[in-house]
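Me: I would like to learn how to read packed helices and aromatic pairs in a structural model. Could we go through this one together?

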Amino acid sequence: MARFVQISVDDVERFNEEHENENTRKRSSTTQKCSLTVFGGRSSGASHCFDDPPLPILQRPRPTEPSLLLSQLPGVVYDANKQCEYLYGTSLYKKCPANQNQCDSLYCTKDYTRCYTNFAPPLDGTRCGVRHWCIKGVCVDDGSPLIDGNWGAWSNYSDCTKQCDIGVAYQLRTCDNPSPQNGGEDCEGSFRGNYKTCNTQECPDNSVSFRQMQCSAKGEYSEYIASSDPCSLVCRSGSRIFWLGTTIDGTRCSNKKEDLSVCIEGHCKEVGCDYSLGTGRRFDRCKVCGGDGSSCALNVVNYTKPHRGYELLTGFNIFRRDRTGRIGGGVLIAIKENRHATRRCDFERDAILYVYYRPPNSSPDAGLSLLNNSIATNPETCCIILVGDFNIPSISLSDSPSTPINTGGCSNDENLCELIGNNFLYQFVEGPTHRAGNKLDLLFCNRTETLSDVLTLSCDEHNFPTDHYTIEFLIRTKFRKAKPVRRTVYDCNRAIFPELCKALSQTDLHASLLDNINDCWKHWKDLFSSVVSS
């Protein structure tokens, strides 16, 4: 009996040291005082510790337990958190997350940094995983059935994502009919679906595009459409582009009026001419949506009377040069009547618009050398705009305004590549410009900020008799003043040139030779700047 009491006292003292429980400390001091007195001398008057005989079993008070214990295992009624609370006498103790699936011992914690145990297993029925509970210190299957989840009913349609220019609305659903239980499978598919178009009317003139709104919300950016991933929110700041996430549902995949496709969940979805998703309807040759072309007939009329350009396109001043000796071909440029435009032979203006035509199957040069020499006579500050039918389907041109010509396709037409490279021209036209699917008509400019709203429209838009598409674009004449830029300028007078030459000779500058000219220049500049700075 003395040995048992002495061990109990030690356990209580250890518990006090670890958990600092004031109530337990008081009880421990009382027990220790009594036991030391008793075992130090039984003849003392402190032997009253043994004066209270145990009550008969039938007279002992029994705690009131919930009636659930009569039908359920104790670990189901008292989970691991409740067991820790009872074990240590305070609600601060909870089950230890690191050992929550162990059944050999019940681990508890009050600060989630240290875990304690008395090496006793948790109560039978304590959860140790999905569909598993502890029985006699072992984690076993509880035999409950697997219940797979099933979708509930669709909600009402959401608000339209846009106010105009084809937005989308959708419905939501939840996986609660029933919810997955006991490790059952979750519902398959998306919680959002049944998309439909809405607000398909055109936006007012001069409205900011939906994509531009999203870029502006991210900072001082302008919109940019990546042809390889049109549903990514790609924005431009100066000559740099940034990927800023995914576009909002309903964003147009292209700036072309005839392309009605919109972005939904990061992917382009086709919109038919009836402004509905997935119908695949298109205008036939009679301009009937979903028609078969039988509602109209081809009417051929030979018009031999000489005519001026204004008879073809009303509201425009026409400048044209037809091919000599045959019908068809040539160059025509239309400028709105409210814009002053004249044909000039001198080049004293700040902006010059060139129009070029190259007949099919002509020589590789076909006047390109003369055009190159003419452009070279202009001042370096002059804005050059070059548009025309180049008739070179073999050359691969980039769709990105920020990327120059793809040099991989220049081997057969060096004259055009030389013209583009010498004058730092950028190509703006996206997609084909001919009914056959070729890109023959091109638009170049040496200042990307000058041109905007470049569109390629079917020739039927203006009822113009040609198999080429119409290229429309705006020439900007006013620009916002750029914010001042802080740059680092090195003081060459303080440079140690022998050390600089030595450092440069030990730097592998050839590592900066990349395929993309912009990446190549940036990488080389960073290498050079790091050497100069050091």
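Me: Is phenylalanine 390 buried or exposed?

Reply: This is a predicted model, and in it phenylalanine 390 counts as buried because its relative accessibility is 1%, where the cut-off for buried is under 20%. Tyrosine 356 is likewise buried, with a relative accessible area of 7%.

Me: How should I read an aromatic pair?

Reply: A pair of aromatic rings is described by the distance of the centres and the angle of the planes. There are 7 aromatic pairs in this model. One of them joins tyrosine 170 and tyrosine 195, whose ring centres are 5.8 Å apart with the planes at 50°, so the pair is tilted. Tyrosine 170 belongs to strand 7 and tyrosine 195 to strand 8, so the pair ties together parts that are 25 residues apart in sequence, and both tyrosines are buried. Tyrosine 356 and phenylalanine 390 also form a tilted pair, at 5.0 Å centre to centre and 35° between the planes.

Me: And how are two packed helices described?

Reply: Two packed helices are described by the angle between their axes and the distance between the axes. Here the axes of helix 8 (residues 497-505) and helix 9 (residues 517-533) come within 9 Å and cross at roughly 140°, and the two helices are therefore oblique to each other.

Me: Which residues make the contact of helix 8 with helix 9?

Reply: Helix 8 contributes Leu500, Ala503 and Leu504, while helix 9 contributes Phe528, Val531 and Val532; these residues divide into 6 nonpolar, no polar and no charged.

Key: Residues are numbered from 1 along each chain as its sequence is written. This is a predicted model: local features need pLDDT of at least 70, side-chain atom pairs count only at pLDDT 80 or more; totals for chains, interfaces and linings use all residues. Side-chain values use heavy atoms; hydrogens and water are left out. Axes are lines fitted to C-alpha atoms, for helices over the stretch in contact, and angles run from 0 to 180 degrees between N-to-C directions. Helices (H or I, at least four residues) and strands (E, at least two) are DSSP runs, numbered from the N terminus. Angles under 35 degrees count as roughly parallel, over 145 as roughly antiparallel, 65 to 115 as roughly perpendicular and the rest as oblique. Contact means heavy atoms within 4.5 Å. Ala, Val, Leu, Ile, Met, Phe, Trp, Tyr, Cys and Pro count as nonpolar, Asp, Glu, Lys and Arg as charged, and the others, Gly among them, as polar. Rings of Phe, Tyr and Trp (its six-membered ring) pair if their centres lie within 6.5 Å; planes under 30 degrees apart count as stacked, over 60 as edge-to-face and the rest as tilted. Buried means under 20% relative accessible area, exposed over 50%, partly exposed in between (1.4 Å probe, protein chains only).
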